[in-house]
Amino acid sequence: ATDGEHGLVGRQISLRGEGGARRRATVESYDSRTQLHGVRYADTSAADQVDLASGADWSFLRTQRPPGTNPERGADSDSEDLLEQALRGGGKSAGKPGVKSGGG
């Protein structure tokens with residue numbers, strides 16, 4: 001399925017795992033039926049289904065910037081911040097881990 005609603009497929013994110021450590025992941029898919037995003041972790045290549053809209057603690061990797069922009073506040077960081085807030089319902093944390101076991 002495509003991710004036309006959220007625009008996250010293909011993006012790299014930082015996702016807090018169950019143990020509290022942050023992990024790099026690439027968003028590979030979105031299932032509109034379950035409303036879960038499929039992610040693949042960079043460190044292990046394992047795949048999971050994650051609730052990025054309300055349950056998971058995630059952010060865009062701030063290293064994804066066009067050449068010549070400030071890595072702390074890149075050219076599109078304001079729009080990315082707004083997207084993160086919108087997906088989280090205004091930035092409120094749901095207090096759930098948000099990661100569903102996906103195997104792989």
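**Strand pairing and salt bridges in a predicted chain**

In this predicted model, I13 stands opposite A25 in strand β2. The pairing behind this position is that of strand β1, residues 12-16, with strand β2, residues 22-31, which run antiparallel and are joined by 5 bridges (strands pair if DSSP finds at least two bridges between them). Within the hairpin that β1 and β2 form, 5 residues lie between the strands, and G20 takes a positive phi near 100 degrees. Local features are reported only at a pLDDT of at least 70 and side-chain atom pairs only at pLDDT 80 or more, whereas totals for chains, interfaces and linings use all residues. Residues are numbered from 1 along each chain as its sequence is written, and side-chain values use heavy atoms, leaving out hydrogens and water.

Strand β1 has another partner in strand β5, residues 58-60, with which it pairs in the antiparallel sense over 3 bridges; here S14 stands opposite S59. On the same strand β5, W58 is buried at a relative accessible area of 1%, and F60 is likewise buried at 1% (buried is under 20% relative accessible area, exposed over 50%, partly exposed in between, with a 1.4 Å probe and protein chains only). Seen as a whole, the chain contains 1 helix and 6 strands, and from the N terminus on its elements follow the order β-β-β-β-β-α-β (DSSP runs numbered from the N terminus: helices H or I of at least four residues, strands E of at least two). Of the 104 residues in the chain, 33% are buried.

Most residues other than glycine have a negative phi. Q35, although not a glycine, has a positive phi of about 60 degrees, and its place is in the loop between β2 and β3. S45, also not a glycine, has a positive phi of about 65 degrees and is found in the loop between β3 and β4, where its relative accessible area of 42% makes it partly exposed. A46 lies in that loop too, between β3 (36-41) and β4 (47-50), and is partly exposed at 21%. The C-alpha atom of A46 is separated by 9.4 Å from that of A25, the residue opposite I13, although A46 and A25 are 21 residues apart along the chain.

Another salt bridge joins D43 and R23, at 3.0 Å from N to O. This pair links the loop between β3 and β4, which holds D43, to strand β2, which holds R23, across 20 residues; D43 is exposed at 53%, whereas R23 is partly exposed at 25%. E28 and R40 also meet in a salt bridge, at 3.2 Å from N to O. Since E28 lies in strand β2 and R40 in strand β3, the pair ties together parts 12 residues apart in sequence. Finally, salt bridges with shared partners join R16, R22 and D57 into one network.

Technical notes
Salt bridge = Lys/Arg side-chain N within 4 Å of Asp/Glu carboxyl O.
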